Amino acid sequence: MLSLFRSGALRGAFQGHGIVKVMSAVPARGEKTFTREERIEQWDYVNSVYFGPERDMKNFPTLVQADSPEPVRLGVIPARWFDFLYPKTGVSGPYVLLGGFTLWMMSKEIMVIDHYFWEFPSFWGMVYILNKHPKVGPKLKKWLADSYETQKNIFYTRPLKSMKDQEADNIARNERLIEETETAKHIYLAQKEGVQLQLEAAYRQRLQNAFLDVKKRLDYEVEKTNVRRKFEQDHMVNWIVSSVTKSISPQLEKESIKVCIQTLKGLASKQKVAVA
């Protein structure tokens, strides 16, 4: 909090710069649900303010939870306090200071000794004895460590791993979608070529249909001309034959028959002479 006052983040917020963004980072009940992109933008802005260049990271660093507790003395007092007093008071100085401070509080009746007073030293004394006991202490520490790991696995590690796996699946799915969108250009070109081939096939089919229609009409004209010419020829022959037949009289027919018979006889006589 002091780092925020020193960095000027809260001062800028109270002056109206960015107060809406900072307050909107925690949505109130009944407000609309923010999208993922809006939440990411809000948290990026908050982090840029909290970890901004104006913050004094040397005097006010970010607190980090240690993996294991720091060393202690008497079960509850940090050992670094004793290390701080050793150069000034010696080895026994911190213990004497602690005892003197306790006696001072008892003399001023700040710490009153009544029927419930002994619960405090007896409780912490038992905790110290159990912690330092060679059989109970290690088992108790192991049980507490196992319980801590179990709770950490249930409430932190497993959900975090599940979320990471889910986001990894989302990333893989999005990458696959990106690859699919990149192939859309090739699909478009293939579809375009397919449409062009279909248009070319339709054009050729129409040309073929036009050629066949024109050929049928030409064949019809040729056939019509041939039929007309044959009809005219047959009609002319029949007309000539009928005209000649009508012009021959019975007398002329008899004379023609006689002439034919004489001609045949002459030819026969000539044939006999030639054979002899």
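Trainee: At 37% relative accessibility, does Asp165 count as buried, exposed or partly exposed?
Mentor: Keep in mind that this is a predicted model. Buried would need under 20%, and exposed over 50%. Asp165 has 37%, so it counts as partly exposed.

Trainee: Which residue forms a salt bridge with Glu70?
Mentor: Glu70 itself sits in the loop between H4 and S1, and its partner is in helix H5, so the pair ties together parts that are 10 residues apart in sequence. The closest N and O atoms are 3.1 Å apart, and the partner is Arg80.

Trainee: Within what arc do the buried residues of H5 fall?
Mentor: Start with who is buried in H5: Ala79, Phe82 and Leu85. Seen down the helix axis, they line one face, because they fall within an arc of 120°.

Trainee: Which residues are exposed on the other side of H5?
Mentor: First, the buried residues of H5 pack against S1, strand S2 and helix H6. Over on the other side, the exposed ones are Phe84, Pro87 and Lys88.

Trainee: How far from buried Arg55 is the nearest side chain of opposite charge?
Mentor: Arg55 has no salt bridge, though its side chain reaches the backbone oxygen of Phe60 at 3.1 Å. A salt bridge needs atoms within 4 Å. The nearest oppositely charged side chain is Asp56, at 7.9 Å.

Technical notes
Residues numbered from 1 in each chain as written. Predicted model: local features only at pLDDT ≥ 70, side-chain atom pairs only at ≥ 80, totals over all residues. Heavy atoms only, no water. Buried < 20%, exposed > 50% of the residue type's maximum accessible area, 1.4 Å probe, protein only. Lys, Arg positive; Asp, Glu negative; His and termini not counted. Polar contact = N/O pair within 3.5 Å; in protein donor to acceptor, adjacent residues only side chain to side chain. Helix = DSSP H or I, 4+ residues; strand = E, 2+ residues; numbered from the N terminus. Arc of directions from axis to C-beta. Contact = heavy atoms within 4.5 Å.
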